[in-house]
Amino acid sequence: MKSDKQFMEFAIELAKKGIYTTSPNPSVGCIITEKNKILSKAYHLRSGSDHAEVLALKKLNKRVNSKMNMYVSLEPCCHTGKTGPCTKSIIDSGIKNVFVSTLDPNPKVKGKGVKELRNNGINVNVGLCKKKSQEINKGFFKRIIKKTPYVIAKQALSSDFKINGSKNKWISNSKSRTDVQYFRAESCAILVSSKTIKTDNPSLKVKLKKNDLGLKDNIKHPVRIVLDTNLSLDLNKYKFFKGKEKKIVFNSLLNSSDKEKNIDFIKVREDKSGLNIKTVLNILALKYEINNLFIEPGAKLLDTLLQKRLLDKLVLYQSPHAIGNLGLTTLNMENKVIKDKTIVTESIMNFSNDVRIIYKFLRK
Ligand code: AOF
Ligand code: ZN
């Protein structure tokens, strides 16, 4: 006999299949059961396609009866966005028992979905495995509630806390670098400084195959963002500007857009440490609906992010090799990480002879 909690956990596992494709929408899973048997299962795949509940109802090939239960990892929506309201589909279907893991923070929904179901005679249970379903959509929740994306920064550094300035020389090993690609794939956008573009000329695309991510469709490459205060980058020179993906250049000089190259230039004010990153984050949340932002900073940008406490997580790949005097020092570990009680170590893992440490920032 399976418990309601186990069915909800299953719905959340289904939701996870959408994490690489659903943004800006949340990842949602849904199952329909009868007498302890799963009759239909579905998850939301991408914005504009059927929501999990609608798809689960479409896939159900049995007439609905009052013994059936629906388990959905997010409150059913009750508004018309790119698709119609899930509440209407559920009410019309005749399903009488719905388990909802967590309310949808979207102001258009936010409790109104549950209310509508209840007003139509449906038994609704809210809260099973709430933490887990909020965790898989932490970027979506943070964007809507705090008006800023969930921010993860990564840096590869040597055993003596240096990053390398010279070209074509990797600090971390290939396993670590592959791991980074999974972080990129989960992100709605990747942000770097203009200095990184000039020294590394990165494409900032996801270098994985769709099979690596369990996808049937093509990989959704993140939006690319650069902080280029004085518009110093030549648009024809760097990989960053190539391809059809959206590119955003934050700068201190102008607002404009290059439709052909799909580049937006956004002006933001400067402060002591350069472009005001807090404003950048607000714009990314409000204008571009960025849930999860991945930052690949150099030493200076990482320092600013730490000083201003803008990170949710920091992922460090530390190699066993020292760089010595040639390298650029990053992360004053003593002051910033080790002594700060609001920063906790979430995990430590080996990638061959590199060590990956993930720090989590508690305050915010
Ligand atoms: C659900 N089930 O599977 C998802 C929901 O533009 P639309 O129509 O796709 O609506 C997007 C909003 O719907 C999104 O911001 C969030 O509030 C909700 N997502 N709701 O009932 C789902 N993905
Ligand atoms: Zn919906």
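The model is predicted, so local features need pLDDT of at least 70, side-chain atom pairs count only at pLDDT 80 or more, and totals for chains, interfaces and linings use all residues. Residues are numbered from 1 along each chain as its sequence is written, while chains are lettered from A and ligands numbered from 1 in the order in which they are written.

Let us begin with the helices. Helices (H or I, at least four residues) and strands (E, at least two) are DSSP runs, numbered from the N terminus. Two packed helices are described by the angle between their axes and the distance between the axes. Here, axes are lines fitted to C-alpha atoms, for helices over the stretch in contact, and angles run from 0 to 180 degrees between N-to-C directions.

Take helix α2 (residues 52–59) and helix α3 (residues 86–93): their axes cross at roughly 30° and come within 8 Å. That angle makes α2 roughly parallel to α3 (angles under 35 degrees count as roughly parallel, over 145 as roughly antiparallel, 65 to 115 as roughly perpendicular and the rest as oblique). The crossing of α2 and α3 is left-handed, a term used if the near helix is turned anticlockwise from the far one by less than a right angle, with right-handed used if clockwise. On the α2 side, Glu53, Val54 and Leu57 make the contact, and on the α3 side Cys86, Ser89, Ile90 and Ser93 do so; two residues are in contact if their C-beta atoms, placed from the backbone, lie within 7 Å. By class, the residues of this contact of α2 with α3 are four nonpolar, two polar and one charged. Ala, Val, Leu, Ile, Met, Phe, Trp, Tyr, Cys and Pro count as nonpolar, Asp, Glu, Lys and Arg as charged, and the others, Gly among them, as polar.

How much of α2 is covered? Six of its eight residues are buried, so α2 is mostly covered (a residue is buried if 20 or more other C-beta atoms lie within 10 Å of its own, exposed if 12 or fewer, and partly exposed in between, with C-beta atoms placed from the backbone). The buried residues in α2 are Ala52, Glu53, Val54, Leu55, Ala56 and Leu57. They pack against β1, β2, β3 (68–72) and α3.

Next, follow α3 to another partner. Helix α4 (residues 112–119) packs with α3 at an angle of about 20°, with their axes 10 Å apart. The two helices α3 and α4 are therefore roughly parallel to each other, and their crossing is right-handed. Thr87, Ile90 and Ile91 in α3 meet Gly113, Glu116 and Leu117 in α4. This contact of α3 with α4 has three nonpolar, two polar and one charged residues.

Now for the ligand. Which residues are closest to ligand 1? They are Val28, His51, Gly81, Lys82 and Asn106, out of 18 residues that surround ligand 1; a residue counts as near a molecule or strand if its C-beta atom, placed from the backbone, lies within 6 Å of it. The shell around ligand 1 divides into eight nonpolar, seven polar and three charged residues.

The backbone deserves a look too. Most residues other than glycine have a negative phi, and most peptide bonds are trans. In this model, a cis peptide bond with omega of about 5° joins Ser23 and Pro24. Pro24 sits in the loop between α1 (4–16) and β1 (29–34). Asn25 lies in the loop between α1 and β1 as well, and Asn25 is buried, with 25 other C-beta atoms within 10 Å. Not counting residues up to four places away in sequence, Asn25 touches His44 and Ser47.

Asn36 is in the loop between β1 and β2 (37–43) and counts as exposed because it has 10 C-beta neighbours inside 10 Å. Cys129, in the loop between β5 (123–126) and α5 (130–136), is buried, with 21 other C-beta atoms within 10 Å.

Finally, visit Pro202, in the loop between α8 (194–200) and β9 (223–227). With 15 C-beta neighbours inside 10 Å, Pro202 counts as partly exposed. Pro202 and Phe240 are 38 residues apart in sequence, yet 6.4 Å apart in space, C-alpha to C-alpha.
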